[in-house]
Amino acid sequence: MAESSLLDKPWRKFPEFNAETANKLKEELVDYGPDSETGVTAANVLLIGQIGAGKSSFFNSVNSIFRGKITSKARSGSFEHSLTTVYRKYNVKDHNSGQTLKIRLCDTRGLEEDFTIDSQEISHILDGNVPDRYQFNPSAPFTTETFGFIRNPHLGDRIHCVAFVVDGSTIDVIPEKILKQMKAMQSRMNQRNIPQVVYLTKLDKVCPMVEEDAGHMFHSSAIREAVDKIADVMGLPRGFVLPIKNYESETILDQNIDILILKALKQTADFADDYMEEQVEKMAAENGQGRKEKE
């Protein structure tokens, strides 16, 4: 564990860790929906990360918060090869209101050193060509000829924001091959103007004070250092790096862990909204241009 101290002032402005904040964030997410102008029913957030970084655990943690108890719908754990072999668009249901959140968490296979994900396959996922429950086949990447290929995806089929899930305790030792894959993916996302965030996980391993209480997250000097490091590695602004803690060994919910996860999800939804709005404006401009050319 890195040397860490608790700073007097938080290094990032963040809501207070209390029941009011937890309930407010929960309500905001239950009430959230993309702008009706977009014609999109739910924001699609793609989770990408190295094996064991906590992709599937993030979905399970979100699911647990809205179920009111610890659950594990997506298979998770630290295995040598990716547990996720099927492309999934997971819905989250709020068991209090009975409503399904209008944010879908899309899970793809974990990044591995000895297996490079086909970059065209990632493009198809970003563009909304890959159907839910598609079974990845390492020996035959997804192409326009693959059964189930969605030929004319709508804005609602596309990915609206990408969350890179990164283990905060291993930033210094991320293998070069993994970084290369992530950078190649980022260039495809940047071509499409798709916003990206980082969910920085396993920070209880970085700072003993955070292990004790997740509410110390923004007072920890070691966490601030980890955020700065990964922001540099990914070439993203520090504010796009969202430190969280997934539910892993816990058996009951913890309000401070909930708040970190809910706030990260809310920020991701806001970025997804920005992207959808931009796409609607772009399509309107293209349609206007098309009409002018016809005239």
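Guide: Let's begin with strand β3 (residues 103–107), where five of five residues are buried. Strands (E, at least two residues) and helices (H or I, at least four) are DSSP runs, numbered from the N terminus. Buried means under 20% relative accessible area, exposed over 50% and partly exposed in between, with a 1.4 Å probe and protein chains only. This is a predicted model, in which local features need pLDDT of at least 70 and side-chain atom pairs count only at pLDDT 80 or more, while totals for chains, interfaces and linings use all residues. Residues are numbered from 1 along each chain as its sequence is written, and side-chain values use heavy atoms, with hydrogens and water left out.

Visitor: Which residues lie on each side of β3?

Guide: In a regular strand, side chains alternate between the two faces of the sheet. In β3, Ile103, Leu105 and Asp107 are on one side, Arg104 and Cys106 are on the other, and all are buried.

Visitor: Which strands pair with β3, and in what sense?

Guide: Two strands pair if DSSP finds at least two bridges between them. Strand β1 (residues 43–49) pairs with β3 in the parallel sense over five bridges, and Asn44 has Arg104 as its bridge partner there. Strand β2 (residues 86–90) pairs with β3 in the antiparallel sense over three bridges, with Tyr90 opposite Leu105.

Visitor: Now a single side chain: is Gln196 buried or exposed?

Guide: Gln196, found in strand β6 (residues 196–201), counts as buried because its relative accessibility is 4%. For its partners, look for polar contacts: pairs of N or O atoms within 3.5 Å; within protein, one must be able to donate a hydrogen and the other to accept it, and residues adjacent in sequence count only if both atoms are side-chain atoms. The Gln196 side chain makes such contacts with the side chains of Gln186 (3.0 Å) and Asn190 (2.8 Å). Leaving aside neighbours within four places in sequence, residues in contact with Gln196 (heavy atoms within 4.5 Å) include Val162, Phe164 and Leu236.

Visitor: What marks the ends of helix α6?

Guide: At the N-terminal end of α6 (residues 221–234), Ser220 is the cap, with a side-chain oxygen 3.4 Å from the backbone nitrogen of Ala222. After α6 comes Gly235, with a positive phi near 65°.

Visitor: And what do the buried residues of α6 pack against?

Guide: Those residues, among them Ile223, Val227 and Ile230, pack against β5 (161–167), α4 (176–191), β6, α5 (208–212) and β7 (241–243).

Key
The expected span of a helix is 1.5 Å times one less than its number of residues.
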